[in-house]
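Here's a quick briefing for anyone meeting this protein for the first time. Take a look at the model, then read on.

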Amino acid sequence: MNTSNDQLDYIMISDVMDDHFHEIHSHITTLKGCRGHKFLSRLMQRTESSIIIDHVIGAGLKFAQIYDSILCLEEDVDFIKKLITEGFKKHNLDVSLDVE
């Protein structure tokens, strides 16, 4: 792994984020400085997990979660999308879901 190239890639991505999403980038940078680099990603992952556990698993449907995907019966797709959307809304978040 070439550390200097990795740092350059991070700087370039950071500049693009700052240019296009300044307010969000500022909040992320502040959180990283105060709480460490892993805090935000862990918080987001915990929130997503709790939404799936609290809203989808509790509905008693048969499905499998594979990384960022859910495999379910075709007749359950719309209901699962509704459950996930409602779960995100309870956390004041919007979600975009694609069905394949």
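**Cysteines, a hairpin and confidence**

Cys 34 counts as exposed, at 62% relative accessibility (buried is under 20% relative accessible area, exposed over 50%, partly exposed in between, using a 1.4 Å probe and protein chains only). This is a predicted model, where local features need pLDDT of at least 70, side-chain atom pairs count only at pLDDT 80 or more, and totals for chains, interfaces and linings use all residues. Residues are numbered from 1 along each chain as its sequence is written, and side-chain values use heavy atoms, with hydrogens and water left out.

**Cysteines**
- Cys 72 is partly exposed, with a relative accessible area of 24%.
- The disulfide count is zero, a disulfide being a pair of cysteine sulfur atoms within 2.5 Å.

**The hairpin**
- Strands S1 (residues 63-66) and S2 (residues 69-72) pair in the antiparallel sense over four bridges; pairing takes at least two DSSP bridges.
- Helices (H or I, at least four residues) and strands (E, at least two) are DSSP runs, numbered from the N terminus.
- Gln 65 has Ile 70 in S2 as its bridge partner.
- Two residues sit between S1 and S2 in this hairpin, and Tyr 67 in the turn has a positive phi of about 55°.

**A charge over a ring**
- Arg 35 lies over the face of Phe 39, 4.1 Å from the ring centre (the rule: NZ of Lys or CZ of Arg within 6 Å of the ring centre and within 35 degrees of the ring normal).

**Confidence**
- Mean pLDDT (the predictor's confidence in each residue, from 0 to 100) is 83 for the protein, and 89% of its residues reach 70 or more.
- Confidence is lowest in helix H1 (residues 3-20), at a mean of 70, and highest in helix H4 (residues 77-90), at 91.
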